[in-house]
Structures are given as C-alpha cells and as structure tokens.
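This report describes a helix pair, a pocket and a cavity in a predicted model.

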Amino acid sequence: MQIPAAFDYARAESLEHALQLLSEHGPEARVIAGGHSLLPMMKLRLANPEWLIDINDLTDLAYITEDADVVRIGAMTRHVELLESEALAGLFPIVRDAERTIADPLVRNRGTIGGSLCQADPAEDLSTVCHVLGAELVIRGANGERSVPMAQLHTGPYETSVEQDEILTEVRWPVRPRTASAYTKVERRAGDWATAAAGASVTMGADGRVEDVTIGLTAVGLDGGTATRAADAVRGQTPSEDLYAEAGRRAAEQCRPIGDQRGTEAYKRHLADELTRRVLRRSVERATAPLGRGV
Amino acid sequence: MQVSMTVNGEAISREVEPRVLLVHFLRDDIGLTGTHWGCDTSNCGLCTVLMDGAPVKSCTVLAAMAAGHDIRTVEGMATGGTLDPVQQGFMEEHGLQCGFCTPGMMLTARALLDRDPNPSNQDIREAISGQLCRCTGYTNIIKSIRWAADHQSETAGAATEGS
C-alpha cells in the first residue's frame, strides 16, 4: 500500500495567498497542482514535503489567450485543455501531437502545464515543446513578476530556476508567420514516458528555403534542450530528404542518451536520428500545406 | 483536517489526515467499496471516479484536494432502482469477467456519453485507454459502451417524442 508520509495541507485561495503560504512555511513547502507527478514521488519517498500548498482553486490561472504575436497559457491549464484547443492545434500543431502521447485521458484531466514544466523530468514532453516553441515563462514571487526563457527554466533533472517562494504562472509561446511544428515519440507502450521523442518548429521563407528552425529532443540527455547543430544544418537550406538525414545524424551526435530499461544508448541515438528526420519532414509539410495556417 | 465533499449527491464530511487518498477515503472512511483499489501508481485506472463529471484516478487525488467537489462513484450510477444504460450495457454485452476494472470502466463510459452521446468506437477506445482490464476483455467492454450509447439515444428520442 503506497501512502505518502505525513504532511500538512493548505489550500490557497489566490495567487497572493499561495505565495504567502509558501514563504510562511519555508523550504519544506511545495505547491501541488494536478499532483500526478508529485503524489507518486511522495508515495515512493522521493519527495517529502512537510507542507503541500494546493493551488487547484486558482482557476484564474487556467486560460489560453491568443494575441497576434503571442499565445499565453495559464500555468493551471490542464493537459486535456491543451489537447482539445483548436486554436493551439492551428498555431502550434506540436502541442496536440505531444499531448496525444502524454499519459492517458484520466491523467490529462488532472495534470497541468505549470506542473509538468516545474517537475523538470528529463523525459517530460511539454518541456521539449516549450524549448521548440521558444517559450517565455512568467514567474511570480512576493516581490513581483519576472520572466525567463525556457533555456533558463531547468537547471538540472527535477530542478528549476523557480525559487522556493515563487510560482510559475504563465507560459508564452511566440506566434510566427509561415511556421509549423510537429512532435513524435517512441514509447514502450501507450502512455509511457518517452524512450525518445523529438519536436521541431520550422519557419519557411518566401524563397522556399527554411528561414528558421528549432529542434528539441526528449529523454536523450540533450544539454540546453535544443539540437542546435542539427538546426544549423537545416537553416537557410531547401528542404530535402538528404537535409533531414544530415540533421538526424547531427542530432544523434549531439545528444547523450543513457542506456536503461527503455533501451540501449545505441537504440536511443538511432531514435534521435530517425525522429528528428520525421518531425522536420512533418513540420515542413505542414508549413507548406496549401490550406495550412503556416501559409 | 475536516474534509467535506459531495459523494453521489450526498454531503459527506469526515475528519481525516491530509495524506489520505481519495480512494481510501471512499472505501475506508465512508464505506463505498465499489471503487476498487489497484496499482496505487495511477497506471491501472481501477480506482477511477468522476470528479465534477470528469474521470480521475482516485489513488492520485488527495481526499483533501477533492474537498468541495462533486464525486460520483459506481454506487451512484443507478437511480431509483433503475440501472444506468452503461450498467445495462455491461450486462447485455458481457462487459465483465472478473469485474475488478468494471466500476472504473463504467464511470469513464458515463463521462464519455455525457460529453458525446454518440461516440465512435475509436472514441470509446481512447476514452478507456487509461484503464487496464487484466481479463483483456476490451472487445466486450467496447461493445457494452456501444450498447449504452445506442440505447441511451433511443431512450432520449422516445422521451422527446413523448413530451
């Protein structure tokens, strides 16, 4: 029987209240949102908070708002809302691609984007999505608000630059014209963590060349979250199978996977290569589709 | 701490430790053992209940987090001695063998049909994809939910015609 160790519980009534509770109860207090990562870790004693600050009542942090140049996602937006959003599916197809592979429908009813990013699990899919989309994260503390780029959010496995008395409140994805994206994942069984996964966002130039590109890899030990050397090979070039192959080769070279029960190092490198090709191909197809949003 | 919620339409309040999981609150504190308890790791979905109408795994929700919310368990499916069409469907189409996954499967089916009265078989498969049947009786579970969808709309149609 798996039961968390004893803790005290407080339910925040507002963001300010949550921040106040966090500073009041100090370093052993943790925020709980959907709880589908934190509670399992608490059952296994991998996390032992003395206080849980429940922010599920902060429904004003659950929103998807679309402006001309940026989409803002409230940190309490649940996976199911990201999956079902037609606005997101049009602007950032990578989101629906990824969400379809995240756990299962019941878990997606509870888990939140803020929780997923703050859990900082190296195999977590939305983190790669945020790297690929060039996300900005809005973080609130007692002394006000700051924003950090995705590259600065994770400081290591399960570690973030969100201070103990701060809360991630919003994720911002910049909207770029002629841009499309894709995500694909290999998993041992439906709903599992990634053996490896890849995401890409491609901006096409008017001349048919790739104007800009970002490639992200999940669960293969990629420093900084993006496969920069693979992207360098693609930027400015005309899309072709040879180009995707070169990008895949570079992505496999740049990552540093560790062999484990999900696969050997060699297999994961093979996946990094193959999945990079697939997401580039898919992103370019989507960005150049006659009726697509990317045109 | 005092935890109060609505379970199957009834206001419930109990004094529990903050670490009590919703599945144990339902089974041990209020005696509703229809909610089954399986893997403890949010994988198997046996413990599925509806929270404000949406299926959730009650082994991964604290009772404290469910406070103030509307919880529905398998005990709340039949109304006035009449089975829910989903329950009837599981009888008609032999949707259960050992019965361990059945309460969770039926609640997920109820939530699906509340959202979409006429789901495709693919929609049904997706909806139950977070729940395991160790008898591997998925085909009959899908048929059972299909039966409920088909007969539910007949019932609704009849009611509309009669009104």
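## Helix 10 and helix 11 of chain A

In this predicted model, helix 10 (residues 241-254) of chain A and helix 11 (residues 265-288) of chain A have axes that come within 7 Å and cross at roughly 140 degrees. Helix 10 of chain A is therefore oblique to helix 11 of chain A. The crossing of these two helices is right-handed.

On the side of helix 10 of chain A, the contact involves Glu241(A), Tyr244(A), Ala245(A), Ala247(A), Gly248(A), Arg249(A), Ala251(A), Ala252(A) and Glu253(A). Their partners in helix 11 of chain A are Arg269(A), Ala272(A), Asp273(A), Thr276(A), Arg277(A), Leu280(A), Arg281(A) and Val284(A). By class, the residues of this contact comprise eight nonpolar, two polar and seven charged.

## The second largest pocket

The second largest pocket holds about 690 Å³ of space. It is lined by 22 residues, of which Glu84(A), Pro105(A), Leu112(B), Arg115(B) and Ala127(B) are the closest to its centre.

Two or more lining residues come from each of helix 3 (79-84) and helix 6 (105-108) of chain A, and from each of strand 4 (54-57), helix 4 (102-115) and helix 5 (121-127) of chain B. The lining of this pocket consists of nine nonpolar, four polar and nine charged residues.

## The cavity

The count of cavities of 30 Å³ or more comes to one. About 30 Å³ of space lies in the largest cavity.

The largest cavity is lined by Gly38(B), Cys39(B), Asp40(B), Ser42(B), Asn43(B), Cys44(B), Gly45(B), Leu46(B), Cys47(B), Lys57(B) and Cys59(B). Five of these lining residues are nonpolar, four are polar and two are charged.

Technical notes:
Residues are numbered from 1 along each chain as its sequence is written. Chains are lettered from A and ligands numbered from 1 in the order in which they are written. This is a predicted model: local features need pLDDT of at least 70, side-chain atom pairs count only at pLDDT 80 or more; totals for chains, interfaces and linings use all residues. Side-chain values use heavy atoms; hydrogens and water are left out. Axes are lines fitted to C-alpha atoms, for helices over the stretch in contact, and angles run from 0 to 180 degrees between N-to-C directions. Helices (H or I, at least four residues) and strands (E, at least two) are DSSP runs, numbered from the N terminus. Angles under 35 degrees count as roughly parallel, over 145 as roughly antiparallel, 65 to 115 as roughly perpendicular and the rest as oblique. A crossing is left-handed if the near helix is turned anticlockwise from the far one by less than a right angle, and right-handed if clockwise. Contact means heavy atoms within 4.5 Å. Ala, Val, Leu, Ile, Met, Phe, Trp, Tyr, Cys and Pro count as nonpolar, Asp, Glu, Lys and Arg as charged, and the others, Gly among them, as polar. On a 1 Å grid over the protein atoms alone, a cavity is a set of points where a 1.4 Å probe fits but cannot get out, and a pocket is an open set with protein on both sides within 12 Å along at least five of seven lines; lining residues have an atom within 4 Å of a point. Grid points are joined across faces, edges and corners, and a volume is the space filled by probe spheres set on the points.
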